[in-house]
Amino acid sequence: MLVNGFLAAITTDYYMKAVGIKIAQISIQQNKADNYVEIRAKSVRESSIFPQINNVYRVKHNGSYQPLTYTRIIHQKNVQDEVTTTYNHNTAQAVMNRNSDKSTLQYSITKNSQDIYSFLAKVISGQVDTGTYPIDANGVSWQANITRYSTEIVDTPLGKYPAVRYEISFQNMTNKKMPYIDMVTFNMLQENNKLNLWVYNRQFAVKATFKKKGISSTWELCNIKK
C-alpha cells in the first residue's frame with residue numbers, strides 16, 4: 001500500500017551500540033495511512049550508559065506530524081508509569097495525565113510545537129529543512145536546531161543506501177528545568193548533545209549517531225519490515 005508514492009507502513013529495527021557493544025534494541029514503526037508513530041526502546045544489557053528499560057512511545061498526529069496524543073509506557077529499573085499528553089493546537093494548550101500519581105497538568109505550548117518523537121518522525125519523512133523547530137519537553141519549551149546536509153552513501157549491515165544527513169541539537173528556551181519522566185527522552189533532550197540522522201528516500205533512517213558528554217553511541221540498522 002502506498003501513500004503519495006511512499007510506503008504507508010514500515011518498521012525499522014536498530015541495535016544501539018556504545019564502544020562497539022550492543023546495549024539496546026530500538027524499533028521505529030511508522031504508519032502514514034493512520035498518522036501513527038511508535039518507538040520502542042529495550043535494553044539488551046544493563047550498563048551505566050543504558051540501564052535496564054523496556055519503554056514504548058506512541059504518537060497519533062494530524063498528518064503533518066503535529067501530535068494529537070502522545071503516550072509513554074515506561075518500564076525502567078526504578079520507574080513504572082504511563083503518561084499521556086493530549087494536544088489542542090487551536091488553543092495552544094496541552095494536558096498531561098500521569099498514571100503513577102494520578103496527576104493532571106495543563107500548560108501552554110508554543111505554536112507548532114511537537115514532542116521529540118513526532119519531530120524525529122517528521123525529519124525522517126523529509127519534511128524538515130535547516131532551521132529551528134519548537135519542542136514540547138514535558139511541559140517546558142525547547143527548540144530543535146537542525147542542519148540538513150547533502151546525500152551521503154551509508155554502509156549498513158543490510159547494504160548501502162544513499163541518505164540525507166541531518167544534524168540536530170536541542171536548546172532550552174526557558175529558565176525552567178525539564179521534568180524527568182523517562183530516561184530516553186531525558187537523555188536525548190539535553191543541551192550540548194548532538195544527534196545525527198541519515199535518512200533514505202524520505203522513508204526511514206539508515207543510521208543515527210548520538211553524542212552526549214563525550215560519549216558516542218550509534219544506531220545500526222538491522223531489519224526492515226514493510
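## Charges and surface

The protein carries 27 positive and 16 negative side chains, and the centres of these two sets are 2 Å apart. Keep in mind as you look around that this is a predicted model.

## Overall shape and fold

Let's step back to the whole chain. Its secondary structure comes to two helices and 16 strands. Along the principal axes, the C-alpha trace spans about 45 × 40 × 30 Å.

How does the radius of gyration fit a compact globule? For 226 residues, such a globule would have a value near 17 Å, and the protein has 17 Å, so the two agree.

Take the contacts between residues at least 6 apart in sequence: 45% of them join residues at least 24 apart.

## Inside the protein

Of the 226 residues, 46% count as buried. In soluble globular proteins, nonpolar side chains tend to be buried together. Here, the largest nonpolar core has 62 residues, and I116, F119 and I168 are the ones with the most contacts inside it. Which helix gives the most to this core? That is helix α1, covering residues 116-124, which contributes seven residues.

Leaving aside residues up to four places away in sequence, I116 touches Y70, I135, F170, T185, M188 and L189.

## Two loop residues with positive phi

V19 is not a glycine, yet its phi is positive, at about 45 degrees. You will find V19 in the loop between β3 (9-18) and β4 (21-31). N138, also a residue other than glycine, has a positive phi near 55 degrees. Its loop runs between β11 (131-137) and β12 (140-156).

Technical notes:
Residues numbered from 1 in each chain as written. Predicted model: local features only at pLDDT ≥ 70, side-chain atom pairs only at ≥ 80, totals over all residues. Heavy atoms only, no water. Core = buried A, V, L, I, M, F, W, Y, C linked by side-chain atoms within 4.5 Å. Buried < 20%, exposed > 50% of the residue type's maximum accessible area, 1.4 Å probe, protein only. Helix = DSSP H or I, 4+ residues; strand = E, 2+ residues; numbered from the N terminus. Contact = heavy atoms within 4.5 Å. Rg over C-alpha atoms; globule rule 2.2 N^0.38 Å. Lys, Arg positive; Asp, Glu negative; His and termini not counted. Charge placed at Lys NZ, Arg CZ, Asp CG, Glu CD.
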